[in-house]
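The report below turns to the pockets of one model and then to a helix pair.

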Amino acid sequence: MTEYRLVSREALSSFVSSVLRGAGVDEWQVESVTHSLVSTSVRGVDSHGVRLLHTYVASLKGGRTNKQANITSTRPLPTMCVVDADSAIGAAAGYYAIDRCVEIAKELGMAMAIVKNSTHPGCMACFTLRAAEQGYLAMAFTNTGPRLQLHGGKQSYFGTNPIAFAAPRVEVDPLCLDMATSIIPWNRVEQSRRAGKTLPEGTCADDDGVETTVADLATMLLPIGGYKGHGLAALVEVMSCSLSGMAFGWHTARMYGKDVDLSKRRCLGQCYVVMRCDGAVTEEEFRKSVQQMTEEVRSEMPKAGVERVMMPGDPEIAEARHRSKDGIPLHDVLWADFTQLSEEFGVELPALL
């Protein structure tokens with residue numbers, strides 16, 4: 001029987017940051033990665049939340065990720081900066097890049113950050129929300145390594161290649177869309193394997209390109225909307241890899257797998273775009289427009305079997321309120337990971353609620 005333990009955000013943050021410090025990580029990475037993983041778990045996106053801590057520590061120990069990264073940036077064009085992540089954990093590079101974009105956009109109206117030599121950035125919504133909470137529109141893209149079955153093909157080439165977008169509105173929580181170009185993320189497959197669960201139909205394929213619901217047989221993910229997801233994945237690959245000079249397609253080092261060499265740097269690329277919303281209209285007018293859109297969509301009549309119509313990001317907003325009040329549930333498999341990390345680094349496990 002599956003068991004869950006409830007912990008507070010504060011206790012979880014303390015544990016994650018203590019483990020990262022124990023692993024020898026610099027303070028900017030500790031702060032950035034802790035915020036990314038914990039806030040993602042609070043929002044209910046468990047596939048990209050604190051369950052990744054164990055994976056990140058393994059990469060740090062193997063040398064794939066740089067414990068003491070020197071993240072730097074240059075400004076080749078007025079509205080563009082190029083960020084060298086120095087193989088830091090991707091969330092640290094992401095927050096660094098989005099902060100640089102906000103600085104430039106504040107002055108020039110819009111900005112783009114091209115990130116090179118990065119690693120897995122985690123949940124891309126974290127970065128767009130950081131800008132939107134300051135009154136800016138933001139978009140984020142990253143390649144992930146080949147996991148998406150090609151439309152009409154037997155094998156994978158592109159990654160799940162997520163796209164995130166966020167915009168401010170009158171209410172406190174920004175509008176936020178965060179989606180992979182696959183139907184489910186690969187982390188969901190990993191979760192299902194460890195929990196012994198069956199995968200949803202029509203989401204994965206095996207080595208022969210045949211659809212499967214058996215997590216242990218899944219080697220590829222199916223794209224959203226067939227050729228449309230395939231096309232969006234190609235778009236993200238160009239934005240993340242061709243602009244940054246990083247490897248693309250099957251040239252990209254995989255994150256998971258029995259034959260993965262954790263001493264080999266991944267060198268992923270990411271792209272972040274930030275824009276002011278007060279060019280053609282005032283910021284107040286923009287916020288009111290997005291708020292009106294939000295309220296009109298939410299007020300629409302739901303179809304049979306659906307409780308209510310929602311805007312993108314509404315489920316995460318509701319879950320964050322619930323978990324902030326009642327605690328964050330940790331699966332027993334994840335708790336076993338935490339126990340191992342606790343013993344390895346001499347860190348106390350998060351207090352239970």
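The largest pocket is lined by 50 residues, and those nearest its centre are Arg-51, Glu-190, Gln-191, Arg-194 and Tyr-256. The model is predicted, so that local features need pLDDT of at least 70 and side-chain atom pairs pLDDT 80 or more, while totals for chains, interfaces and linings use all residues. Residues are numbered from 1 along each chain as its sequence is written, and side-chain values use heavy atoms, without hydrogens and water.

A pocket is an open set of points on a 1 Å grid over the protein atoms alone, where a 1.4 Å probe fits, with protein on both sides within 12 Å along at least five of seven lines, and its lining residues have an atom within 4 Å of a point. Volume is the space filled by probe spheres set on the points, which are joined across faces, edges and corners.

| Pocket | Volume |
|---|---|
| Largest pocket | about 1,100 Å³ |
| Second largest pocket | about 800 Å³ |

Of the 40 residues lining the second largest pocket, Val-45, Ser-47, His-48, Ala-180 and Pro-185 are the closest to its centre. Helices (H or I, at least four residues) and strands (E, at least two) are DSSP runs numbered from the N terminus. In the largest pocket, α6 gives the largest share of the lining, eight residues, and α6 also gives two or more residues to the lining of the second largest pocket, as do β7 (175-179) and α9 (314-326).

Elsewhere, helix α2 (residues 27-42) packs with helix α4 (residues 90-108) at an angle of about 95°, their axes 8 Å apart; axes are lines fitted to C-alpha atoms over the stretch in contact, with angles from 0 to 180 degrees between N-to-C directions. The two helices α2 and α4 are therefore roughly perpendicular, a term for angles of 65 to 115 degrees.

How values were computed:
Angles under 35 degrees count as roughly parallel, over 145 as roughly antiparallel, 65 to 115 as roughly perpendicular and the rest as oblique.
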